[in-house]
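Good morning. Please have the sequence and the model open.

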Amino acid sequence: MSKFPFLPIAFAIALAFLLQHFLGSLAWAALLAVITWPLHEKLLQRGWSRIASASALVALLVLTLVGPSIFLINTLSNELETVERLLGQINQTGVAPPEWLSRLPVVAEPALKWWHNNLAQPGGLATLIQTTAGEFLPFLTGTARMLGTTILTNALYLFLAILTLFILYLHGPAVAIYADHAGERLLPKHYPALRRLLPLSVRGTALGLCSVALLEGLVLGLAYAVAGAPAPVLLGVITGYLALIPGGAPLAFTSVSVLLLGQGHAGPALGLFCWGAFELFLVDKFVRPKLIGQRVNLPFLAVLFGLLGGVSTMGVLGLFIGPFMMAVLFWWLRGGEAEPAPVIVTAASDHTPVP
């Protein structure tokens with residue numbers, strides 16, 4: 001065989017082009033399989049069949065994704081009812097301009113004039129909403145159509161990812177055999193290291209992201225309640241979701257701080273922002289890098305830039321690919337010595353570990 005396997009690489013590129021719209025679903029299924037495979041193995045060792053274990057894990061993952069979404073939608077609907085009643089009262093009586101508006105430099109006078117003309121008068125809020133909605137109605141209609149198509153497309157991708165994950169649970173050992181044979185042919189010297197680093201970095205990233213997101217949601221949710229922010233439970237859940245992405249948590253608590261400041265609560269707003277910044281520093285400096293980088297011995301900056309670079313170029317999927325690439329980089333910088341080849345086993349075993 002030639003030193004440069006041109007034909008297999010060309011075929012892989014052509015296959016990737018053919019499946020370009022479904023690569024995300026395949027990648028998510030593979031990542032979820034790698035992350036949850038130890039739990040799958042434990043269930044098999046306890047006597048579960050592959051079908052029973054695969055069904056239970058897929059159902060658990062679906063509930064984990066759908067459950068918080070149902071809670072979020074239910075809570076949001078309750079909050080929207082409250083907001084609707086509040087807006088109705090404001091529309092009937094009008095609302096006086098806040099004191100801080102008159103203290104704004106340069107724009108205080110035109111801002112007060114606009115407020116008196118549009119919001120201070122009874123019925124002014126409804127008129128403003130109707131006028132604004134009328135101007136943006138064509139844009140909103142087009143956005144709604146696009147959003148509906150996007151939701152249907154993503155639902156299809158999600159279904160394909162779940163189906164692929166279920167198949168991987170059933171036939172994981174056979175898939176591992178094919179991947180090992182392909183890896184040994186294409187990268188005989190480096191494939192063992194890549195095979196070892198991939199599950200370590202992926203599981204470390206999943207543990208770090210989920211643990212930090214849960215911590216951020218709980219801690220900042222309590223801080224929202226102490227600061228007197230509206231709907232602290234809802235805001236805490238949203239913060240937890242945003243904390244999965246680097247930069248999401250500071251965006252969340254900064255927005256809530258600005259909301260409190262706009263309501264005239266300068267002290268709680270400043271206190272919330274300072275506490276969020278301090279807590280974020282502790283989490284990003286000590287907790288997240290340790291959880292993500294400890295399995296593959298990555299320094300703080302490598303984890304940080306791996307996460308930021310991955311999410312900025314590949315979206316949420318990049319949160320896992322970025323740290324893995326950093327792990328490969330530092331393995332090479334530290335010598336990149338060849339490792340023992342992975343053990344190839346037959347697909348007949350029901351308890352074959354797939355790292």
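This is a predicted model: local features need pLDDT of at least 70, side-chain atom pairs count only at pLDDT 80 or more; totals for chains, interfaces and linings use all residues.

Start with helix α10, residues 266-293, and helix α11: their axes are 9 Å apart and the angle between them is about 80°. Angles of 65 to 115 degrees count as roughly perpendicular, so α10 and α11 are roughly perpendicular to each other. On the α10 side the contact uses D284, K285, R288, P289, I292 and G293, and on the α11 side F300, V303 and L307. Sorted by class, the residues where α10 meets α11 are 5 nonpolar, 1 polar and 3 charged.

Now the overview. How many helices and how many strands does the chain have? There are 12 helices and 0 strands. Read from the N terminus, every element in the order is therefore an α, as the run α-α-α-α-α-α-α-α-α-α-α-α shows. The chain has 355 residues, and 31% of them count as buried. Take the contacts between residues at least 6 apart in sequence: 70% of these join residues at least 24 apart.

Back to packing. Two packed helices are described by the angle between their axes and by the distance between those axes. We had both values for the first pair, and here they are for two further pairs.

The next pair is α9, residues 248-262, with α10. Their axes come within 8 Å and cross at roughly 170°. An angle over 145 degrees counts as roughly antiparallel, which is why α9 is described as roughly antiparallel to α10. From α9, the residues in the contact are A249, P250, F253, T254, V256, S257, L260 and L261; they meet A266, P268, A269, L272, F273, G276, A277 and L280 of α10. That contact of α9 with α10 divides into 13 nonpolar residues, 3 polar and no charged.

Is S257 buried or exposed? Its relative accessibility is 6%, so S257 counts as buried. Beyond its neighbours within four places in sequence, S257 is in contact with A269, L272 and F273.

In α11 the contact is made by A302, F305, G306, L307, G310, V311 and M314, and in α12 by G318, L319, I321, G322, P323, M326 and F330. By class, the contact of α11 with α12 has 10 nonpolar residues, 4 polar and no charged.

Next, the cores. Which residues have the most contacts inside the largest nonpolar core? They are L298, L319 and F320, in a core of 20 residues. Helices α2 (23-45), α7 (191-227), α11 and α12 each supply at least two residues of this core. Follow F320 on your screens: leaving out residues up to four places away in sequence, F320 touches W28, L31, I35, V202, T205 and A206. Apart from that core lies another one, of 16 residues, which include A213, Y224, A243 and L260.

G94 sits in the loop between α3 (50-93) and α4 (99-102). Its relative accessibility is 15%, so G94 counts as buried. Setting aside neighbours within four places in sequence, G94 is in contact with L119, A120, Q121 and P122. G94 and L119 are 25 residues apart along the chain, and their C-alpha atoms are separated by 5.8 Å.

L218 is in helix α7. With a relative accessible area of 54%, L218 is exposed. From L218 to V233 it is 15 residues in sequence and 9.0 Å in space, C-alpha to C-alpha.

Y241 belongs to helix α8, residues 232-242. Is Y241 buried, exposed or partly exposed? Its relative accessible area is 34%, so Y241 is partly exposed. The C-alpha atoms of Y241 and G217 are separated by 7.8 Å, with the two residues 24 apart along the chain.

That is all I have. Thank you.

Key: Residues are numbered from 1 along each chain as its sequence is written. Side-chain values use heavy atoms; hydrogens and water are left out. Contact means heavy atoms within 4.5 Å. Helices (H or I, at least four residues) and strands (E, at least two) are DSSP runs, numbered from the N terminus. Ala, Val, Leu, Ile, Met, Phe, Trp, Tyr, Cys and Pro count as nonpolar, Asp, Glu, Lys and Arg as charged, and the others, Gly among them, as polar. A nonpolar core is a set of buried Ala, Val, Leu, Ile, Met, Phe, Trp, Tyr and Cys residues joined through side-chain atoms within 4.5 Å. Buried means under 20% relative accessible area, exposed over 50%, partly exposed in between (1.4 Å probe, protein chains only). Axes are lines fitted to C-alpha atoms, for helices over the stretch in contact, and angles run from 0 to 180 degrees between N-to-C directions. Angles under 35 degrees count as roughly parallel, over 145 as roughly antiparallel, 65 to 115 as roughly perpendicular and the rest as oblique.
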